[in-house]
Amino acid sequence: MSTAILGLPRSLDASVDTLKSIGPTNAARLAKLGVRTVRDLLLTLPFGWESYESAQLDTLVPGRQASVVGTILSIKLVTTRHRKMRLTEATVGDDGGTEMRVVWFNNPFVLKKLQMGDRVALAGLVKGSRYGNRPEMTNPHYERLEADVEAQPKRVGGLMPKYHLVDGLTSRRIAGWVEAVLPLAGRLEDLLPPEVRERNNLLSVVDSVRQGHKPDTDAEYWQARRRMAFAELFELQAAFAMMRARIAAEPAVAIPYRQDVIDAFKAGLGFELTRAQRKATWDAFKDMQETVPMNRLLDGDVGSGKTAVAAACVAMAHAAGMQAVVMAPTEILARQHLRKFRTYLEDSLPGLTVELLVSNQTAAERRRVRSAAASGHCALVVGTHALIEDDVEFANLGLAVVDEQHRFGTRQRELLRSKGRGRPHFLAMTATPIPRTLALATYGEMTLSVMDEMPPGRTPVETEVIEPDARGRAYDLVRAEVAAGHQAFVICPLIEESETLVVRSATAEFERLQKDVFADLRLGLIHGRLKDKEEVMQRFVAGEIDVLVATAVVEVGLDVPNATVMMIEGADRFGLAQLHQFRGRVGRGSAASRCLLLADEPSEKSLSRLQLLTRVDNGFTLAEEDMRLRGMGELMGARQHGMSDVAMDALLQPELLSEVRIEAERIVQQDPELADHAALHAAVQRRLELTSIS
Ligand code: ADP
Ligand code: MG
């Protein structure tokens with residue numbers, strides 16, 4: 001045993017760069033994929049497989065993937081006449097005299113590995129030849145074999161794993177590293193209790209790691225993958241169950257339901273609540289009547305009217321003699337809230353006063369608001385991060401509300417909740433529609449209210465995909481809207497991995513538009529590195545800017561009813577959910593609005609995603625579609641949610657998630673501190689630490 005793992009790290013927690021073949025550069029690359037330790041490397045299964053059936057040169061079928069063995073008859077580096085591309089060209093033949101042409105683009109390295117006369121295994125897509133009947137392969141995987149005719153390829157052909165990659169990595173290299181540490185798989189602790197595995201027919205972690213990286217059949221791979229997904233979701237749900245138990249252990253003050261309060265509130269609103277608003281309000285009232293603190297997420301599209309639901313809760317808390325606090329991510333949003341809450345509440349509920357607390361106020365004003373909060377004099381304080389500072393105190397905080405909750409870390413939310421004596425009831429709001437299963441999987445510590453209905457009288461935003469050579473028409477539309485007294489957004493493309501590049505390209509686009517396209521209009525620029533983001537927004541809100549050139553930072557619940565055009569460059573680079581968020585920035589007033597999607601060279605797939613936006617205006621439907629369309633190979637979204645793509649894919653089967661939740665709850669109920677489940681305890685602990693440092 002010990003000789004078999006000689007030279008390998010002793011602990012599964014060892015960093016991957018302790019492996020000689022990996023080293024610091026590759027370790028940094030792997031870290032981008034979330035792979036830091038040997039354990040991570042073992043537990044990260046391929047996301048799919050290429051299947052290369054072994055074939056003979058004379059029976060190759062164009063259009064199929066195959067692996068063949070042959071001898072190199074010639075191999076040389078050539079430079080193409082036009083475009084000056086360097087390629088390695090080879091001819092491979094078998095004993096029967098059949099030949100195949102092979103080309104590698106931009107890979108002169110091949111020449112160092114392969115020589116004339118070598119026996120070689122190749123795996124790739126077979127193409128028919130343009131010259132006669134000879135088959136061809138482009139950029140095939142290759143492996144030099146021993147001269148011995150019996151020698152079989154080790155890594156080429158059959159099922160070849162596809163791992164998620166970043167620049168500088170290949171699936172072959174990762175497969176090599178995995179192979180090197182696979183002898184350590186036997187030490188992996190199984191966080192799934194045996195009875196859970198048995199009930200759900202799941203492999204052990206050891207078997208699923210071995211068989212997930214090196215399956216003999218597709219079925220074996222899927223078995224392994226199912227177990228991995230189950231275990232990951234189980235770990236998450238166990239963590240949520242523990243969080244819920246901890247929250248429930250600290251009681252809140254019960255806020256009784258009063259019909260007269262809701263009647264007065266409704267009378268003062270000036271509109272009828274939608275069915276979704278009534279349902280969400282009722283969900284919250286039921287929670288608040290208990291001494292187990294409410295912990296609810298209100299998920300509703302931009303403009304669905306979440307503020308009114310929060311206001312109803314504030315009214316009820318006030319009637320019970322409790323104060324409330326509402327925290328928003330920016331000062332503009334906080335001020336917007338101040339206006340709305342005052343309109344919704346101050347006239348109809350006498351004695352209910354609303355105050356603002358942001359860092360950009362005079363010291364005297366802040367002092368006044370702080371003492372109104374501390375004395376219990378004011379019923380509601382709305383504000384920004386300024387609310388969670390040490391010197392802010394409440395006499396009797398019963399309800400804490402966080403708007404755009406994904407913009408705050410767990411710690412900030414905790415700080416806000418700690419302002420109460422005991423636990424205040426907690427309401428989080430998000431304008432990012434998420435499919436229900438995903439919400440349960442990622443926000444499992446909260447209960448969910450979905451607001452999937454818009455207040456009446458809204459005109460949907462007309463959405464259009466603009467061909468690259470019709471950009472001029474988009475500019476004309478912008479110009480026409482501005483001439484009619486309206487305003488427009490131009491969103492700059494997302495550039496992966498580099499905020500600096502994003503800022504540079506947005507600045508360049510701003511200058512180009514100002515100089516060449518909209519010289520006579522008032523342009524503004526906003527991006528993440530700008531110090532005075534709020535001031536630019538303020539000027540846009542005040543109508544002093546006609547066209548606001550922006551990066552993704554503009555994606556918050558901002559209300560500018562006068563903005564009627566949203567033009568998005570490089571639309572194919574954004575996720576559907578994000579595009580929908582951008583679109584929600586317009587169409588907030590009574591005028592008809594447009595969303596123009598531009599993409600330079602969209603793939604067919606991304607074009608069909610964009611087309612979806614032109615047809616669907618319900619955020620939840622879009623989110624579901626986005627989840628379905630997101631191929632296994634695309635990991636961006638998954639990583640944003642702190643979940644592997646394997647687990648994300650498993651969410652497409654809602655039954656699986658509900659099984660997982662039942663099992664996780666059962667365990668935590670039987671063993672609240674997970675004292676008898678060491679591996680699970682350790683995994684949950686790692687997970688909880690991860691989420692509380694954000
Ligand atoms: P969001 O869910 O994006 O926070 P808001 O609460 O800001 O949405 O509401 C958007 C706009 O719709 C506000 O101007 C609000 O007054 C209005 N509104 C909310 N609910 C209704 C309703 N039931 N009927 C008509 N207008 C409503
Ligand atoms: Mg809002």
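The model is predicted, so local features need pLDDT of at least 70 and side-chain atom pairs count only at pLDDT 80 or more, whereas totals for chains, interfaces and linings use all residues. Residues are numbered from 1 along each chain as its sequence is written, chains are lettered from A and ligands numbered from 1 in the order in which they are written, and side-chain values use heavy atoms, with hydrogens and water left out.

## Overall architecture

The secondary structure of the chain comprises 24 helices and 21 strands; helices (H or I, at least four residues) and strands (E, at least two) are DSSP runs, numbered from the N terminus. The C-alpha trace spans about 95 × 70 × 40 Å along its principal axes. The chain has 694 residues, of which 51% count as buried. Here buried means under 20% relative accessible area, exposed means over 50%, and partly exposed lies in between (1.4 Å probe, protein chains only). Among the contacts with a separation of 6 or more, 73% are between residues 24 or more positions apart, a contact being heavy atoms within 4.5 Å.

## Nonpolar cores

A nonpolar core is a set of buried Ala, Val, Leu, Ile, Met, Phe, Trp, Tyr and Cys residues joined through side-chain atoms within 4.5 Å. The largest such core has 92 residues, and Leu42, Leu233, Phe234, Met643 and Leu651 touch the most other members. Helix α7 gives the most to this core, with 13 residues. Another core, of 46 residues, lies apart from it and includes Ala276, Ala312, Cys313 and Val326.

Residues up to four places away in sequence aside, Phe234 touches Leu191, Leu192, Pro193, Val660, Glu663, Ala664, Ile667 and Leu680.

## Aromatic contacts

The structure holds 10 aromatic pairs. Rings of Phe, Tyr and Trp (its six-membered ring) pair if their centres lie within 6.5 Å; planes under 30 degrees apart count as stacked, over 60 as edge-to-face and the rest as tilted. One of the pairs joins Trp49 and Tyr221 edge-to-face, at 5.5 Å centre to centre and with 75° between the planes. Because Trp49 lies in strand β1 (residues 48-54) and Tyr221 in helix α7 (residues 218-249), this pair ties together parts that are 172 residues apart in sequence. Trp49 is buried at 14% relative accessibility, and Tyr221 is buried with a relative accessible area of 1%. Together with Trp222, these two residues form one aromatic cluster.

A charge is also placed over a ring: Arg417 lies over the face of Phe426, at 4.0 Å from the ring centre. The criterion is that NZ of Lys or CZ of Arg is within 6 Å of the ring centre and within 35 degrees of the ring normal.

## Packing of α9 and α10

Two packed helices are described by the angle between their axes and the distance between the axes. Helix α9 (residues 275-288) packs with helix α10 (residues 306-319) at an angle of about 35°, with their axes 9 Å apart. Axes are lines fitted to C-alpha atoms, for helices over the stretch in contact, and angles run from 0 to 180 degrees between N-to-C directions. On the α9 side, Gln277, Ala280, Thr281, Ala284, Phe285 and Met288 meet Ala308, Val309, Ala312, Cys313 and Met316 of α10.

Asp283 is also found in helix α9. With neighbours within four places in sequence left aside, Asp283 is in contact with Arg296 and Ser449.

## Individual residues

The table gives the relative accessibility of selected residues.

| Residue | Relative accessibility | Class |
|---|---|---|
| Asp167 | 75% | exposed |
| Asn139 | 41% | partly exposed |
| Asp283 | 10% | buried |
| Val103 | 5% | buried |
| Leu674 | 1% | buried |

Asp167 is placed in the loop between β8 (158-162) and α4 (171-181).

Asn139 lies in the loop between β6 (136-138) and β7 (141-145), and its phi is near 45°, a positive value in a residue other than glycine. Leu674 is not a glycine either, yet has a positive phi of about 55°; Leu674 is found in the loop between α23 (654-670) and α24 (678-692).

Val103 belongs to strand β4 (residues 99-105). Beyond its neighbours within four places in sequence, Val103 is in contact with Leu87, Thr88, Glu89, Met137, Thr138, Asn139 and Pro140.
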